[in-house]
Amino acid sequence: MKSPVKFFLLSMALSTFLVASPANDKVSLSIDGMGISDLIKLVAATTHKNIFIGEEIPGTISYAGNKPISKKELYKILQTTLDAKGYTFVDSGGGYLSVVKTADATQMNLPLMQKSDIPQMQNYIFSFHFASAETMAAKIKHFTTKNAKITSSKESNSVIVTDFPENIATIQKAMKILDARDETIANTTHVIPLKNADAKLLVTTLNTILGKMTLMPGQQPPSITNDDTTNSLIVITSDELFKSLEATIRELDHDRQQVYVRAKIIEISEKKSEALGIKYGLSGGAKVGSNGLFTFDTLLGDGITSAISLDSSMLSSISLPTLASGIALGANISLLNTNGAANILSEPSILCIDNQESSIYVGRTESISSGTTMGVGITQQNYTRQDIGLTLKIKPRLSNDHKVLLGVTAKLEDIEANSIADRPSTTKREVLTSAIVNNGESVIIGGLIREKIDETNTKVPFLGDIPYLGNLFKSKATSQDRVNLVILLTPYIIEKSSDLSALRTQLSELDALQERYITNITKQIEAKKGVTP
């Protein structure tokens with residue numbers, strides 16, 4: 001029976017031709033049908049390394065060598081052979097190499113980013129400057145072995161790869177190309193000062209648009225915030241995506257049109273206006289109707305067109321019929337005001353931005369009793385301050401055909417006439433309406449009516465002052481009246497801010513023209529009816 005040592009040497013002689021070359025530390029190797037376990041023993045003997053084999057690895061290997069190879073390349077041949085069977089070897093740190101399953105090797109304490117004389121698995125950390133770790137982890141997978149392990153870290157934007165040195169070297173070369181700045185997805189910060197739009201409102205609009213955008217693979221959605229101090233947008237996005245976003249911002253940041261609204265707040269006495277109509281021989285009096293504020297509008301409007309002599313360049317966007325009806329309406333109001341039938345409470349003007357609400361408040365603040373506090377020997381009356389008056393909110397919206405959609409809210413709060421002095425009652429009347437008018441055309445809001453009671457005391461001079469008997473020479477009359485609060489609004493479109501000064505000058509000329517017309521038309525009516533004012 002042959003000894004185990006002799007049998008091993010005999011099998012080596014039959015299956016291996018190995019010649020060492022001391023000059024360059026290379027060996028010539030030729031193998032034909034050698035068992036894998038025997039190959040491990042051969043490598044151990046040639047490289048002078050201790051190798052622990054935990055279990056028998058089945059299979060054989062053949063290798064036809066035509067030129068000498070280094071001992072490091074001999075390790076690679078062994079590694080390739082073991083990898084095909086699902087095994088690898090690692091440095092145990094105890095003076096020997098250990099053959100283990102590849103799946104188990106990734107869980108062991110492998111070297112971290114260290115050079116090694118043997119091609120064992122190791123850990124390597126790849127950090128990226130431009131690309132994201134999640135994206136690069138998917139790309140790295142194409143360069144690794146089937147048993148490699150890849151772990152990405154979003155916080156540090158890095159990837160830990162556990163694989164063989166050759167694969168890690170390939171990944172290093174690939175990362176120099178793949179981890180480059182991509183102008184279509186790389187984020188940069190852009191600051192955009194706005195000239196006209198409100199930055200805070202524009203951020204809301206842009207975020208709504210971005211929610212419906214379709215992004216390219218790898219693109220991150222832009223981040224948009226605003227800086228109130230400079231009225232600027234701060235946009236963090238790729239240069240490619242910013243180009244299209246900037247065009248949208250510039251379109252939204254245009255010079256917004258404005259509307260200059262002149263308002264007249266008038267109280268009209270129904271009784272006095274009817275008396276005025278009788279005085280001038282006009283029928284109907286002053287009532288709100290579908291054809292205008294007063295039923296005698298048409299009569300007063302006769303001859304207006306011929307009376308207008310404005311410069312052709314003045315208010316060119318306002319038609320002559322609109323000017324004529326405006327002057328006629330002004331004449332009616334002036335006639336009522338002159339004769340005491342109307343009381344012009346206020347004539348405010350307000351400059352509104354297109355599609356943005358503005359408000360006017362005309363009134364006063366009253367002390368309203370809110371109750372009594374009883375104390376020890378002390379009674380205290382409590383009061384609260386309450387606004388009493390007219391609140392007018394206007395929201396204009398311009399259309400393409402030079403018309404204005406006016407959204408109007410009018411709220412009137414007042415103290416009832418018969419209220420107890422220290423505990424007054426308040427009333428509130430509110431009108432909410434919309435109207436489409438031409439540039440320079442007036443819109444009338446009525447219906448805010450209140451009842452008014454007047455008491456008149458008359459007496460015969462001297463006789464009315466006699467005690468007791470004087471009552472026979474006194475009389476007391478009570479009259480009721482309805483007072484209609486009318487709001488007259490006239491919008492003028494301001495194409496650009498520089499037009500505002502010119503408009504005010506033109507409106508002053510128009511007011512002067514209206515006064516001249518009112519004087520003339522009043523004289524005509526008086527002469528026609530034979531009325532002495």
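Visitor: In this predicted model, which strands form the open sheet, and in what order?

Guide: Three strands form the open sheet, in the order 3-7-6, and their pairing is mixed. The twist from one strand to the next averages 35°.

Visitor: What makes strand 3 and strand 6 stand at the edges?

Guide: Strand 3 (51-53) and strand 6 (87-91) each have a single partner strand, so one side of each is left without a neighbour in the sheet.

Visitor: How do you know that strand 6 and strand 7 pair?

Guide: Two strands pair if at least two bridges are found between them, and five bridges join strand 6 to strand 7 (residues 97-101), the two running antiparallel. In one of these positions, Asp91 has Leu97 of strand 7 as its bridge partner.

Visitor: Which helices lie across these strands?

Guide: Helix 2 (residues 36-47) lies across strand 3 and strand 7, running at about 165° to strand 3, while helix 3 (residues 71-84) lies across strand 6 and strand 7, at about 135° to strand 6.

Visitor: Why is helix 5 called oblique to helix 6?

Guide: The axes of helix 5 (residues 133-140) and helix 6 (residues 165-178) come within 11 Å and cross at roughly 135°. Angles over 145 degrees count as roughly antiparallel and those from 65 to 115 as roughly perpendicular, so a crossing at roughly 135° makes helix 5 oblique to helix 6. The crossing is right-handed.

Visitor: Which residues meet where helix 5 contacts helix 6?

Guide: Met136, Lys139 and Ile140 in helix 5 meet Ile171, Met175 and Leu178 in helix 6; the residues of this contact divide into five nonpolar, no polar and one charged.

Methods
Residues are numbered from 1 along each chain as its sequence is written. This is a predicted model: local features need pLDDT of at least 70, side-chain atom pairs count only at pLDDT 80 or more; totals for chains, interfaces and linings use all residues. Side-chain values use heavy atoms; hydrogens and water are left out. Axes are lines fitted to C-alpha atoms, for helices over the stretch in contact, and angles run from 0 to 180 degrees between N-to-C directions. Helices (H or I, at least four residues) and strands (E, at least two) are DSSP runs, numbered from the N terminus. Angles under 35 degrees count as roughly parallel, over 145 as roughly antiparallel, 65 to 115 as roughly perpendicular and the rest as oblique. A crossing is left-handed if the near helix is turned anticlockwise from the far one by less than a right angle, and right-handed if clockwise. Contact means heavy atoms within 4.5 Å. Ala, Val, Leu, Ile, Met, Phe, Trp, Tyr, Cys and Pro count as nonpolar, Asp, Glu, Lys and Arg as charged, and the others, Gly among them, as polar.
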